[in-house]
Amino acid sequence: MHDDAHASTRSDAALVAAGWVAIIAPLLAIALKLPTGGWLLVGMFFSFPIWLLGYAAVITAAVSMLRRRGALRAPGHRTRAVIWAWLTSIGVMVVGFTVVDGGDTSESVASTLGLVVGQTGSGSPINDISNAIAAFAAIAWLGGWLALVVEWMIAMARRRQDAPRVAPRVVGG
């Protein structure tokens with residue numbers, strides 16, 4: 001019995017960690033992109049409501065992992081929720097670090113990865129590598145995000161089905 005309680009505490013810790021990382025990772029991704037900000041960040045600023053809705057969906061799902069009686073704490077959902085939260089979190093941070101952004105000149109075309117290794121500009125081979133990494137990371141980010149949100153919706157639907165009815169259904173006639 002003691003081992004079972006220890007396993008539950010360990011899985012709760014993993015769930016809580018994944019929930020907090022899912023909340024913080026998009027903010028870290030923006031911070032990782034800021035050193036090489038260009039037109040991409042300007043575009044993000046103008047499309048801010050769309051990004052805010054996506055972030056709100058992640059926060060809603062993450063809170064469902066952090067609350068004691070949250071929907072994603074159910075045994076059928078917790079492992080997948082942890083996987084999806086980590087996938088979207090790592091994906092968004094890698095995108096922030098590797099996505100190539102262009103400025104007004106060809107010399108300002110760079111990613112934070114290119115800046116770290118000292119190779120920026122439109123002719124840099126690091127840009128091609130960085131863009132390829134960003135493309136794969138974007139697939140992981142968006143796939144993890146979608147899976148996490150769908151997992152949360154399924155958990156909420158199951159929870160609603162399992163809820164006891166307070167009053168009998170009213171039958172017409």
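Visitor: What does alanine 140 count as, going by its relative accessibility?

Guide: Heads-up, this is a predicted model: local features need pLDDT of at least 70, side-chain atom pairs count only at pLDDT 80 or more, and totals for chains, interfaces and linings use all residues. Residues are numbered from 1 along each chain as its sequence is written, and side-chain values use heavy atoms, with hydrogens and water left out. The cut-offs are under 20% relative accessible area for buried, over 50% for exposed and in between for partly exposed (1.4 Å probe, protein chains only). Alanine 140 has 21% relative accessibility, so the label is partly exposed.

Visitor: Which residues does alanine 140 touch, leaving out those up to four places away in sequence?

Guide: Alanine 140 sits in helix 6, and helices here are DSSP runs (H or I, at least four residues; strands are E, at least two), numbered from the N terminus. A contact means heavy atoms within 4.5 Å. With sequence neighbours up to four places away left out, the partners of alanine 140 are Leu87 and Thr88.

Visitor: How many helices and strands does the protein have?

Guide: Read from the N terminus, the elements go α-α-α-α-α-α. In numbers, that is 6 helices and 0 strands.

Visitor: What share of the contacts is between residues 24 or more positions apart?

Guide: The count takes in contacts in the protein with a separation of 6 or more. Of these, residues 24 or more positions apart account for 69%.

Visitor: How do helix 2 and helix 3 lie to each other?

Guide: Helix 2 covers residues 39–46, helix 3 covers residues 48–66, and their axes come within 5 Å and cross at roughly 75°. The axes are lines fitted to C-alpha atoms, for helices over the stretch in contact, with angles from 0 to 180 degrees between N-to-C directions. Under 35 degrees is roughly parallel, over 145 roughly antiparallel, 65 to 115 roughly perpendicular, and the rest oblique. So helix 2 and helix 3 are roughly perpendicular.

Visitor: Which residues of helix 3 are met by helix 2?

Guide: From helix 2, the residues involved are Met44, Phe45 and Phe46. By class, this contact has 6 nonpolar, no polar and no charged residues; nonpolar means Ala, Val, Leu, Ile, Met, Phe, Trp, Tyr, Cys and Pro, charged means Asp, Glu, Lys and Arg, and the others, Gly among them, are polar. On the helix 3 side, the residues are Phe48, Pro49 and Trp51.

Visitor: Why is the pair of phenylalanine 45 and phenylalanine 46 given its particular geometry label?

Guide: There are 2 aromatic pairs in the structure. Rings of Phe, Tyr and Trp (its six-membered ring) pair if their centres lie within 6.5 Å, with planes under 30 degrees apart called stacked, over 60 edge-to-face and the rest tilted. The ring centres of phenylalanine 45 and phenylalanine 46 are 5.4 Å apart with planes at 75°, so this pair is edge-to-face.

Visitor: And what sort of pair do tryptophan 51 and tryptophan 141 form?

Guide: For tryptophan 51 and tryptophan 141, the figures are 6.0 Å centre to centre and 15° between the planes, which makes the pair stacked. The two partners sit 90 residues apart, tryptophan 51 in helix 3 and tryptophan 141 in helix 6 (residues 125–162). Tryptophan 51 is partly exposed at 37%, whereas tryptophan 141 is buried at 16%. The label for the pair is stacked.

Visitor: What is the relative accessible area of alanine 62?

Guide: Alanine 62 lies in helix 3 and touches Gly19, Ala22 and Ile23, leaving out residues up to four places away in sequence. Alanine 62 counts as buried, and the value is 0%.

Visitor: How far apart are the C-alpha atoms of tryptophan 84 and leucine 146?

Guide: Tryptophan 84 is in helix 4 and partly exposed at 25%. Along the chain, tryptophan 84 and leucine 146 are 62 residues apart. Their C-alpha atoms are separated by 8.5 Å.
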